[in-house]
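Open the model in your viewer and keep the selection panel at hand. Each stop below says what to select and what is there.

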Amino acid sequence: MSAERTEPGVWTLLTPKWRGALARLRQERSGSWAKLLLFVIAGGLFWTAIFGIAFRVLSYIQKVADIGDLLAGKVLGIILLTLHSILLLSNVITALSTYFLAKDLDLLVAAPVGWLRLYLAKLGETIVHSSWMVALLALPIFTAYGIVYSGGPLFPLVAIAAFLPFLVLPAAIGAIFTVLLVNVFPARRTRELLGLVGLGALGAAVIVLRFMRPEQLARPEGFRSFVDYLAELRTPTSPLLPSEWTAEMIMNWLLRIADPWPVVMLWGTALAALTAGALVHRRLYHSGFSKAQEGAERKVRRVLRGPLGAALQSMPAAKREFIFKDLRLFFRDNTQWSQLILLAVLLLIYIFNIKSLPIHSGERIPFSLVIVISFLNLGLAGFVLAAVAARFIFPAISLEGRQMWLLRSSPLEPSAMLWSKYWTGTVPLLLLALAITVLTNWLLQAGVFMMAVSVCTVLLYTLAASAMALTFGVFYPQFGSENAAQIPTSFGGVVYMMASLSLLALVIMLEAPPVAMQLRAYQRGQDLDLTPQMLITGAAVVALLCGATILPLRLAVQRIERMEITSGGVE
Amino acid sequence: MIRLTDLTKKYGKFTAVDGISLEVPRGELFGLLGPNGAGKTTTMRMIAGILQPTSGSIQVAGVDMLSRPLEAKSRLGFIPDRPFVYDKLTGGEFLRFAAALYSQDGPTVERRIDELLEVFDLAAWKDELTESYSHGMRQKLIICGALVHRPELIIVDEPMVGLDPKSARLLKDLFRQFVGRGGTVLMSTHTLEVAEVMCDRIAIVFRGKIAAQGTMAELRQQTESADMSLENLFLKLTGGHRAHRLDTVLER
């Protein structure tokens, strides 16, 4: 008979994942160097920008007499608290996929793999999926801290030692939360599950806002005395939060303070969470997994056809039904529509921030600041729209993946599919763009001229951002993805975000000088005139944004017509 | 009905289909046989307009698939080997969508959907999301989807996989009657008994080429294998008749 059976290790269980990642990387490299080069350049620029901002802000803060170090620690605490909230949310969503919905689970659960190894392997997968973007963002920030405070050659090791439990903790909590919820709710009722996650996110966002009070740090004059301000700085954001221990651990090293407390708390809590997760997993995972297999959702949510049906009646049947199909799939897919809750949270915070600006406090604000804030608002609105397009339009083609055989073997023109996807995503985005811009400009009391410039720019930018999102989705499809929410964080999604934000920056840079000049002249009592410079700039912006709409869509049509569909998916 | 001329498909350096030429007249049920990886699915996907050939031509009912793809596609119904459908659509919604892709809608389509679901024992599941369907039910649903627009030609890849005996029998009868009424079926299968009983003519594909084609009698004649069963003929042509050392594999 065969020798005594040995259980596969965690690394073995993860083999398909890392080998798959390596194979994808090799394919990318062999496929096109241009793609990789684009990613490296865009990533390098993005990383440098984050590092540059962090370095300049820290250098400035460090020079503030008496309170510089305190302020630097406070800022790090706030950054880490924000990252921790993002991590908690993203870990819960990811853990649901990795522990209960992933396609490899049938194989792993049926194999003679022990509970602990399965738990650890899936936890590792959850951490990588949910944390890689946070880790990439944290890297330039930690580097800036290390350089400004001369952390020495051992600082990277200290940063890793502080950051590792910081990543493990929310993943373990996310795994525990998911296992408990799946056991409580009936089979695959992820709608309720993700509804709860969304509400949790809303609560977390409010808590983060309450904890941060960042406007107080920026305005010391708002405190009754310097002692009050100093007291605020000395008080930890929250002494019981792991983000605070991580910040303290890093700052203690940089300021040469010997205090083992944050290290003990951080590592102790992470290990405790890891152990608690293992115990919960051992007791409840199999019952939860079994429940998750008990048939899928059968109850159908009807998507209203009435008014929309009447409006689209004149369209050809294929195009009309394609739009209805997309709407049905969106509102019936919990991983998709639940993101609307996150979007609402994002918008709430954005509008709250605009409303909290000192413009409304009765203080005298320099006119230049109003212009800066108006353009900053334009930039932020653009960022929100690009992020929404990444969430909802970028995955549109990827989500067709396995059903592409039906579309491609039918007489439906590929361009018709693309146009349907484009307008289904863009029309709601245009409405959102209009609402954000009008509301925030009204709150900022920006005036009719600035309102007109902002509305025109944002509407044209929305058309371009949607087109780019769809096109990047065609060029970097994720047909095998098990969760629509993970598609935007793929390689192509990140490249799209960088490209669309670069376009936004270019538009703002083009518009800012002539618009500012006009507004200054207006403030001096002169009439608003359409100068040749204004007209040229306007024409350049319109041409740029129209080009950024038409060119990507043309490329997308060409690409989709050439797309190869094998039995396993699309190539 | 189908005319393939020197059809070739290459994936990089690998040639999946190597210069296949074939003619299937109207009213014929034609079978494509071959071992795994022989190039059957690639050939069928090229005929269905999903894959683009590296070279060669495809004509469906006299219409060139490469230059007039929409016209050619409107004549055919394709049934893939893996039943991937939209999880979040009901069976009825999926069929309505499939019909709309061929520009068909309205009461006629609704009646047609009900008829098809009734025939395939899916009527009770019409308003259920397809994510709750079994593998066989999904397979039956995509068969309904391929028939909903009344095609002239059906291209079907491994039709019997996942079907219960009753449904398999139903499908055999359906294909025979479809052919009897002037339709054409191009079918790939590994089930040699099914091919032997159902198909008017058969082509055996091996390493991207047609090793032999014709009626059973013609195949026997071409391979000089009188009275040989299709299974033995197949193994002879594809080199699978070599004795396997099963004792080594089965040793515990």
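Select strand 3 and strand 8 of chain B: the two strands pair in the parallel sense over 4 bridges. Strands here are DSSP runs of E with at least two residues, helices are runs of H or I with at least four residues, and both are numbered from the N terminus. Two strands count as paired if DSSP finds at least two bridges between them. Strands of a sheet pair through backbone hydrogen bonds, either parallel or antiparallel.

Before going on, note that this is a predicted model, in which local features need pLDDT of at least 70 and side-chain atom pairs count only at pLDDT 80 or more, while totals for chains, interfaces and linings use all residues. Residues are numbered from 1 along each chain as its sequence is written, and chains are lettered from A and ligands numbered from 1 in the order in which they are written.

Which residue stands opposite B:Phe30 in strand 8 of chain B? The residue there is B:Leu186. In strand 9 of chain B, B:Phe30 has B:Arg201 as its bridge partner. Strand 3 (residues 29-33) and strand 9 (residues 201-206) of chain B run parallel and are joined by 4 bridges. Move along to B:Leu32, whose bridge partner in strand 9 of chain B is B:Ala203.

Is strand 3 of chain B buried or exposed? Its residues are buried, 5 of the 5, so strand 3 of chain B is largely enclosed by the rest of the structure. A residue is buried if 20 or more other C-beta atoms lie within 10 Å of its own, exposed if 12 or fewer, and partly exposed in between, with C-beta atoms placed from the backbone. In a regular strand the side chains alternate between the two faces of the sheet. Colour B:Leu29, B:Gly31 and B:Leu33 for one side of strand 3 of chain B, then B:Phe30 and B:Leu32 for the other; all are buried, and both faces are covered.

**The whole sheet**

Now select the 6 strands of chain B that form an open sheet in the order 6-7-8-3-9-10, with mixed pairing. Strand 6 (76-79) and strand 10 (209-214) of chain B stand at the edges with a single partner strand each, so one side of each has no neighbour in the sheet. From one strand to the next, the twist averages 15 degrees.

Angles run from 0 to 180 degrees between N-to-C directions, and axes are lines fitted to C-alpha atoms, for helices over the stretch in contact. Helix 5 of chain B also packs on the sheet, touching strand 6 and strand 7 of chain B, and its direction makes about 170 degrees with that of strand 6 of chain B.

**Two helices of chain B**

The contact involves B:Gly91, B:Phe94, B:Leu95 and B:Ala98 of helix 3 of chain B, with B:Leu141, B:Cys144 and B:Gly145 of helix 5 of chain B. Two residues are in contact if their C-beta atoms, placed from the backbone, lie within 7 Å.

Zoom out to chain B: it has 10 helices and 10 strands, and 46% of its 252 residues count as buried.

**Where the chains meet**

Show both chains. In total, 28 residues of chain A are in contact with 36 residues of chain B. Helix 13 (317-332) and helix 17 (404-409) of chain A are the elements that give two or more residues to the chain A side. Helix 13 of chain A supplies the largest share, 7 residues.

Select helix 13 of chain A with helix 3 of chain B; the axes come within 8 Å and cross at roughly 150 degrees. On helix 13 of chain A, pick A:Ala317, A:Ala318, A:Glu321, A:Lys325 and A:Arg328; on helix 3 of chain B, pick B:Glu93, B:Arg96, B:Phe97, B:Ala100 and B:Leu101.
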